[in-house]
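Let's take a friendly walk through a protein model together. Have the sequence and the 3D view ready, and follow along one stop at a time.

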Amino acid sequence: MAETSLTHRSAADLADLLRRGETSSVEVTQAHLDRTAEVDPAVHAYLHVNAEEALATAADVDARRAAGEDLHELAGVPIAVKDVVVTKGQVTTAGSKILEGWIPPYDATLVRHLRASGMPILGKTNLDEFAMGSSTEHSAYGPTRNPWDLERIPGGSGGGSAAAVAAHLAPLAIGTDTGGSIRQPAAVTGTVGVKPTYGGVSRYGLIALASSLDQAGPVSRTVLDSALLHEVIGVHDPLDSTSLTDPAGGLVDAARAGDLAGMRIGVVRELGGEGYQPGVRASFDHAVDLLRGAGADVVEVSCPSFDYALAAYYLILPAEASSNLAKFDGMRFGLRVEPEEGPVTAETVMAATRGAGFGDEVKRRIILGTHALSAGYYDAYYGSAQKVRTLIQRDFAAAFELADVLVSPTAPTTAFRFGEKVDDPLAMYLNDVATIPANLAGVPGLSLPSGLSDDGLPVGFQVLAPAREDARLYRVGGVLERLLTDERGGPILDRAPDLEVKA
Amino acid sequence: MSQPHDVTSPSVQDYEDAVRRYDPVLGIEVHVELGTASKMFDGAPQTFGAEPNTAVTPVSLGLPGALPVVNAAAVEYAIRIGLALNCEIAETCRFARKNYFYPDVPKNFQTSQYDEPIAFDGHLDVELEDGEIFRVEIERAHMEEDAGKNTHVGGSGRIHGAEYSLVDYNRAGIPLVEIVTKPIVGARERAPEVARAYVSALRDIFRSLGVSEARMERGNVRADVNVSLRDSADAAFGTRTETKNVNSFRSIERAVRHEISRQAGVLDAGGSITQETRHWHEDTGVTSPGRVKSDAEDYRYFPEPDLVPLAPSREWVEQIRAGLPELPSVRRRRLQAEWELSDAEMRDLVNAGATELVEATVAAGATPAAARKWWMGELARTAKSDGVALEDLPVRPEHIAELQSLVDDGRLNDKLARQALAGVLAGEGSPEEVVTARGLEIVSDDGALEAAVDEAIAANPDVVEKIRGGKVQAAGALVGAVMKATRGQADAGKVREIIFSRVEG
């Protein structure tokens, strides 16, 4: 089977081919590694490619399959993992110089599930440093480029995972989403990304950004593929106190259900008006029409506190991050820098290491968070932000009385050009205005492509469901994807320009 | 940070004068390491004396990605402590992060309870030397994790002037409960004694609850003592100092006494007390200033987002309460009555740390009097001369009971029993085994004794004459000869009996 046809298959298709013996995991894995060698110099989706280990896993799965062993559905299907998730024996940097070359001595729980399922890990994908950003421009190792237009951002922080999947460098990827870092990159690269219910996927082994907001989830090209991967990683973990004991199930079935009869879909008034690109709004409205046509009951809902979500988020996130990132001090692992002058003490080494190892955006947020937690400011900042969080949770609760799922554009604009917002943090932060409320409330969200904007770039459509009702995301997403694909006559990524293959 | 001692200054007041002029107020913070199998927030084992950095996991090393999980056993232990101190147990409480950068704190924050302790509003009645009961009010008991241990290499061994420092994270994450008193007022001149008795009572409680080995010399129990003085019992509290890590009962008493005298000296000279932490110097018996503790010190506490709130159910709390052992003060009164000891005798026993040992010896079959005689006599002397705690002697209470039963059965006399005990202490086995191996048993075989007596009679015809002449006390010389011949293993009464039957027969 030709290499490109293997790299352009969905994970579900690859799983079928493998099961039927029409290809091998080694072939599939090698095809992705080959394409990565050709294309990734232009895209820079990966920070580290792990050919040797991936092929060894693939060969092992092939041998076990040949021996008649009962394998997991996705066994042999390769995957890329965002470099903020620790992988035993594989360099993990979180996109930061402060962790350059760090090899973790343990696996994240979700990585253990991937390995147990026999999924070869192709490599670690690029991200904004410590997942702080919406463009990957804040990666210490250079930005990832959007496969739709190499002069544009692939979203962030998980731009590497989204670009890897969009550029067919991996059929599946793991992302993490603190304020939209799975969904916004999915939106601007024409891929599917899911942030599960908070606690649905173990955070053990995720290098923490903001503990109360972080959640890992799937990145893929189809809704069904995300559901398949979500079921692999959505398992209770005793090593994470916030892990749900009964994570959402029935996701794959929901993705295949194909029926919206009687489902109430709420369009969130506050996520869509001013500030949203006209082409984005048009694509969104069209998708809502399709859903209505498929039998859904579309209503408008209002969530007035969402207007304060961004402000609350940018207090809670930096506060938690300032504490989570304190451990990067040059004492036990990673970069260690001695001061150029003056005495060499623990304190001066910590300061020099952090000064040299962290990028500007990270330092900005650490300073913000340290201030927000300071005595005398705590109530006004962190305390108030937590109250806003409660109000947002109430807004969601009220909205979910009226609708089974809520929908909005995933991001206000399509992919912007490099450098456009990098010096204007507030403009950059606004990109996450529609995705942040879900993190503050802990509810699940999915983004899938609804079409192209008038600039020819993909637009993301966001579906939100109540906590633990992740299956509803897949049900709505699955139906909408089929309607759009039928209308379009093929997957949206077929519209993306061919990437130049390095000679 | 450690500065030259300022305590040789002539301003230190005589203690009696100090407490006459000022009313001391104490506040005591006691940290106890819980003896759970694993650490507070991860599965790393608790070990004492293991190779550095071997009892660690990604969690206790604070590696990127690692997350804490609360140790349920530690929570149960904390609740036991809270209940024993007559505290309320919180229906729900949270952990917080205390943020500060220091190499022995792997995450650069300590996970600790802050404004939501698991236990609060309790009291402990402590018994003073003369039997007076003093009530110490408890503010709170909260859970937290211990830090690692820094070792400074080169120079004086202190941080300044060291060439480099090493950190051992084996201790990092060990569960601690910190018990904080309300201001202790009204102790007046007995403040040092109250401080000592309070910490000692806590130590006994920890042991009886089975929550910690509570060994002061290992740092299982550490006390920080706050002292302030005021002009009178109705005046506002004065500025306090906090003397850190005072780790023996005697030191606690001495440190409080010293600090009262020192502060009185400063105040008398028209000075004011600096709010600061102070270090206790065991060798010189004085405190010296550490870092100045300003209220501006900002730990940026916030609720630990990696842990869900803790909500011990009322059923669980009641179950724990029902399972609490008899507390030391109650037990002490019961044992004193059972063993028919005077107050002074009981106090000596307690102060020698011999109560549990005597109790176990009695449980193994000895009479209270015999058990007490051994532990407070021969064994106390041995422990003292070896410089070890009584409980650390290599002898078990069952050994002592066995030894005593050998005496009671007439198989050993006092002298032989002491030799058998020496064998046990030397690691030669149980008393029975030592007696066999060393051949210590009293010779009660009549044949052997008769032969020895006959020999003595034959060798001392003049003595025999004297006895026959009515000088009964002359028999002593024959008894001595027989004892000598049997290397002390004969029963002297029996020997005497045989001598008279032979001489008169």
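## Starting with one residue

A helix here is a DSSP run of H or I with at least four residues, and helices are numbered from the N terminus. With that in hand, look for B:Glu345, which sits in helix 7 (residues 343-351) of chain B. Keep in mind as you look that this is a predicted model.

Is B:Glu345 buried, exposed or partly exposed? A residue counts as buried when 20 or more other C-beta atoms lie within 10 Å of its own, and as exposed when 12 or fewer do. B:Glu345 has 14 other C-beta atoms within 10 Å, so it is partly exposed. Along the chain, B:Glu345 and B:Gly27 are 318 residues apart, and their C-alpha atoms are separated by 31 Å.

## The domains of chain B

According to the domain assignment, chain B has domain 1 (15-51 + 68-145 + 174-316), domain 2 (326-438) and domain 3 (446-504). How far apart are the centres of domain 1 and domain 3 of chain B? Taken over C-alpha atoms, the separation is 68 Å.

In soluble globular proteins, nonpolar side chains tend to be buried together. The largest nonpolar core in this model holds 236 residues, and A:Ile79, B:Ala78 and B:Tyr198 touch the most other members. Helix 3 (residues 191-209) of chain B supplies the largest share of this core, with ten residues. If you set aside neighbours within four places in sequence, B:Tyr198 is in contact with B:Ile28, B:Leu124, B:Val126 and B:Val136.

There is also a second, separate core of 39 residues, and among its members are B:Ile400, B:Val424, B:Leu440 and B:Ala456.

Now turn to chain A. All eight of the eight residues of helix 6 (residues 159-166) are buried, so this helix is largely enclosed by the rest of the structure. Helix 8 (residues 223-233) of chain A is mostly covered too, with eleven of its eleven residues buried. Among the buried residues of helix 8 of chain A are A:Asp225, A:His230 and A:Glu231.

Next, find helix 10 (residues 278-293) and helix 17 (residues 470-488) of chain A, whose axes come within 10 Å and cross at roughly 110 degrees. A:Ala287, A:Leu290 and A:Leu291 of helix 10 meet A:Leu480, A:Leu483 and A:Leu484 of helix 17. The residues of this contact are six nonpolar, no polar and no charged.

Which residues have a positive phi? A:His44 is one of them, with phi near 60 degrees. A:His44 lies in the loop between helix 3 (25-43) and strand 1 (46-49) of chain A, and it is buried, with 21 other C-beta atoms within 10 Å. A:Phe130 has a phi near 55 degrees and counts as buried with 32 C-beta neighbours inside 10 Å.

A:Phe130 belongs to the loop between strand 3 and helix 6 of chain A, and A:Ser157 is found in the loop between strand 3 (121-125) and helix 6 of chain A. The peptide bond from A:Gly156 to A:Ser157 is cis, with omega near 5 degrees. Just after helix 6 of chain A, A:His168 takes a positive phi of about 60 degrees.

Conventions:
Residues are numbered from 1 along each chain as its sequence is written. Chains are lettered from A and ligands numbered from 1 in the order in which they are written. This is a predicted model: local features need pLDDT of at least 70, side-chain atom pairs count only at pLDDT 80 or more; totals for chains, interfaces and linings use all residues. Axes are lines fitted to C-alpha atoms, for helices over the stretch in contact, and angles run from 0 to 180 degrees between N-to-C directions. Helices (H or I, at least four residues) and strands (E, at least two) are DSSP runs, numbered from the N terminus. Two residues are in contact if their C-beta atoms, placed from the backbone, lie within 7 Å. Ala, Val, Leu, Ile, Met, Phe, Trp, Tyr, Cys and Pro count as nonpolar, Asp, Glu, Lys and Arg as charged, and the others, Gly among them, as polar. Domain bounds come from an automatic or database domain assignment. A nonpolar core is a set of buried Ala, Val, Leu, Ile, Met, Phe, Trp, Tyr and Cys residues joined through C-beta atoms within 7 Å.
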